[in-house]
Amino acid sequence: MIIPLRSRREGRDLRKVGFYDPINNQTYLNVPAILYFLEKGAQPTATVHNILKKAGVFTELTLNQTKFT
């Protein structure tokens, strides 16, 4: 979920971009939406950062930010 910084923790989300179920070890990530928000300056929590790192999202973010000449 993407939640505005000024919103309460349980506040209304801007957009759902994935989920993680640790009991069943299931993860679903909408990577294009996540990359969009990260490029706009979204800051993931430590837990979300670890999930995104394991999924290789930051590698894709780096590739998207590389300018080819």
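Read along the sequence, the chain of this predicted model follows the pattern β-β-α-α-α, with two strands and three helices in total. Of the 69 residues in the chain, 17% are buried. The chain exposes about 6000 Å², and carbon and sulfur atoms supply 53% of that area. Among contacts between residues at least 6 apart in sequence, 21% join residues at least 24 apart.

**The hairpin**

Strand E1 (18-21) and strand E2 (26-29) run antiparallel and are joined by four bridges. Two of the facing positions can be named: Phe19 stands opposite Tyr28 in E2, and Tyr20 stands opposite Thr27 in E2. The hairpin of E1 and E2 has four residues between the strands, and Asn25 is found in this loop. Asn25 has a positive phi of about 55° although it is not a glycine, and with a relative accessible area of 62% the residue is exposed. A positive phi is also found just after H1, where Gly41 takes a value of about 110°.

**The nonpolar core**

Which residues make up the largest nonpolar core? It consists of 10 residues in all, namely Val17, Val31, Ala33, Ile34, Leu35, Phe37, Leu38, Leu52, Val57 and Leu61. The elements that give two or more residues to this core are helix H1 (31-39) and helix H3 (57-65), and H1 gives the most, with six residues. Within H1, the buried residues include Val31, Ala33 and Ile34, and Leu35, Phe37 and Leu38 are buried in this helix as well. As background to such a pattern, an α-helix has 3.6 residues a turn, so residues three or four places apart point the same way.

Val17 belongs to this core although its place is in the segment before E1. At 8% relative accessibility Val17 counts as buried, because the cut-off for that class is under 20%. The C-alpha atoms of Val17 and Leu35, 18 residues apart along the chain, are separated by 10.0 Å.

**Residues around the core**

Leu29 lies in strand E2 and, at 21% relative accessibility, counts as partly exposed, a class that begins where the under 20% range for buried residues ends. Leaving aside its neighbours within four places in sequence, Leu29 is in contact with Val17, Gly18, Ile34, Leu52, Ala55 and Val57. The C-alpha atoms of Leu29 and Lys16, 13 residues apart along the chain, are separated by 9.4 Å.

Glu60, whose place is in helix H3, counts as partly exposed at 34% relative accessibility. Leaving aside its neighbours within four places in sequence, Glu60 is in contact with Val31 and Leu35, both of which are buried residues of H1. The C-alpha atoms of Glu60 and Val31 are separated by 8.9 Å, with the two residues 29 apart along the chain.

The C-alpha separations are collected here.

| Residue pair | Separation along the chain | C-alpha distance |
|---|---|---|
| Val17 and Leu35 | 18 residues | 10.0 Å |
| Leu29 and Lys16 | 13 residues | 9.4 Å |
| Glu60 and Val31 | 29 residues | 8.9 Å |

**Aromatic rings**

How many aromatic pairs does the count come to? There are two aromatic pairs in the chain. The rings of Tyr36 and Phe37 have their centres 5.2 Å apart and their planes at 80°, so this pair is edge-to-face. The reasoning rests on the angle, since planes over 60 degrees apart are classed as edge-to-face.

Definitions and conventions. Residues numbered from 1 in each chain as written. Predicted model: local features only at pLDDT ≥ 70, side-chain atom pairs only at ≥ 80, totals over all residues. Heavy atoms only, no water. Core = buried A, V, L, I, M, F, W, Y, C linked by side-chain atoms within 4.5 Å. Buried < 20%, exposed > 50% of the residue type's maximum accessible area, 1.4 Å probe, protein only. Contact = heavy atoms within 4.5 Å. Areas by Shrake-Rupley, 256 points an atom, 1.4 Å probe, with all protein chains shown as cover. Phe/Tyr/Trp six-rings, centres within 6.5 Å; stacked < 30°, edge-to-face > 60°. Pairing = 2+ DSSP bridges.
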